[in-house]
Amino acid sequence: WSPDGKKNLFYDEQHASSMSTIMRHYIGGQIAFMPELAALSAPTINSYKRLVPGAWAPTTASWGIENRTTAIRAIPFGENSTRVENRLPGSDANPYLAMAASLAAGLYGIAQEIEPPEPWTANAYSAPDGIFEALPHSLDEAISMLKESKVARDVLGTAFVDHFLATREWEVRQHAKAVTDWELKRYFEVV
């Protein structure tokens, strides 16, 4: 919103889609950095069990207008309701950290004027390989991507990123020590 709170800066009636340049750049930042910031929105081992095709959670850094199969859902339907929905965070995410990651990526996109690809109009789960960057498939993979992210360190600070990474690496180590019911049932008679 504008500083006086009277104008939605994502809305532009002059543009065919009603989306302003600011909104496009915000989405551009979201798409560009979603994979490397995913650990903040999907912080547990179980987070990645819902990031599979057909589960109504995203699997790629994709966006579309009113498309619930993409990671970013643009809703450009009027001055009071034009907005962006980030569909990556699940109920296991810390809402403050998920929001920080989302805002950081979007604001970085605005500052760097990152243009998003064309909005996806079909089912994003069945998009051809290589159209969108895949989201991490595990917490291990998300940790590796966050560890290498220059943008995360620039916008969130190295101290925070390093501390958060340490907590997630601990989580992975704890999971590696656990023997699940599935493993007991599957291997008890075999071993």
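Is Trp56 buried or exposed? Trp56 is exposed, with a relative accessible area of 56%; here, buried means under 20% relative accessible area, exposed means over 50%, and partly exposed lies in between (1.4 Å probe, protein chains only). The model in these views is predicted, so local features need pLDDT of at least 70 and side-chain atom pairs count only at pLDDT 80 or more, while totals for chains, interfaces and linings use all residues. Residues are numbered from 1 along each chain as its sequence is written, and side-chain values use heavy atoms, leaving out hydrogens and water.

**View 1. Trp56 and Glu113 each have a positive phi.** Start with Trp56, which belongs to the loop between α1 and β1 (60–61). Helices (H or I, at least four residues) and strands (E, at least two) are DSSP runs, numbered from the N terminus. The phi of Trp56 is near 60°, a positive value in a residue other than glycine. Now find Glu113 in the loop between α2 and β5. Glu113 is not a glycine either, yet its phi is positive at about 55°. With a relative accessible area of 56%, Glu113 counts as exposed.

**View 2. The largest nonpolar core has 36 residues.** A nonpolar core is a set of buried Ala, Val, Leu, Ile, Met, Phe, Trp, Tyr and Cys residues joined through side-chain atoms within 4.5 Å. In soluble globular proteins, nonpolar side chains tend to be buried together. Here, the residues with the most contacts inside the core are Ile27, Met34, Leu37, Trp63 and Leu146. At least two core residues come from each of α1 (21–41), β3 (72–75), α2 (95–112), α3 (139–147), α4 (150–156) and α5 (158–177). Helix α1 gives the largest share, 10 residues. Zoom in on Ile27: leaving aside neighbours within four places in sequence, its contacts (heavy atoms within 4.5 Å) are Met19, Trp63, Ile72, Ala74, Val84 and Pro116.

**View 3. Helix α1 bends at Met34.** The bend is about 75°, and a proline, Pro35, follows within four residues. A bend at a residue is the angle between axes fitted to the seven residues ending there and the seven starting there. How many Å does α1 span between its end C-alpha atoms? The helix spans only 26 Å, whereas a straight helix of 21 residues would span 30 Å at 1.5 Å a residue; that expected span is 1.5 Å times one less than the number of residues. Of the 21 residues of α1, 18 are buried, so the helix is largely enclosed by the rest of the structure. Beyond its neighbours within four places in sequence, Arg24 is in contact with His15, Met19, Ile114, Glu115 and Pro116.

**View 4. Phe10 and Tyr26 are one of five aromatic pairs found in the whole structure.** Rings of Phe, Tyr and Trp (its six-membered ring) pair if their centres lie within 6.5 Å; planes under 30 degrees apart count as stacked, over 60 as edge-to-face and the rest as tilted. The ring centres of Phe10 and Tyr26 are 5.2 Å apart and their planes are at 50°, so this pair is tilted. Because Phe10 lies in the segment before α1 and Tyr26 in helix α1, the pair ties together parts that are 16 residues apart in sequence. Both partners are buried: Phe10 at 17% relative accessibility and Tyr26 at 9%. Another pair joins Trp120 and Phe132, edge-to-face, with 5.2 Å centre to centre and 85° between the planes. Trp120 and Phe132 both sit in the loop between α2 and β5 (133–134), 12 residues apart. Phe132 is buried too, with a relative accessible area of 13%.

**View 5. The charged end of Arg168 sits over the ring of Phe164.** The distance to the ring centre is 5.8 Å. A charge sits over a ring if NZ of Lys or CZ of Arg is within 6 Å of the ring centre and within 35 degrees of the ring normal.

**View 6. Leu88 lies in the loop between β4 (83–86) and α2.** Leu88 is buried, with a relative accessible area of 2%. Which residues does Leu88 contact, leaving aside neighbours within four places in sequence? They are Met34, Ala38, Ser41, Arg50, Leu51, Pro58, Ala71 and Leu135. Leu88 and Ala98 are 10 residues apart in sequence and 8.8 Å apart in space, C-alpha to C-alpha.
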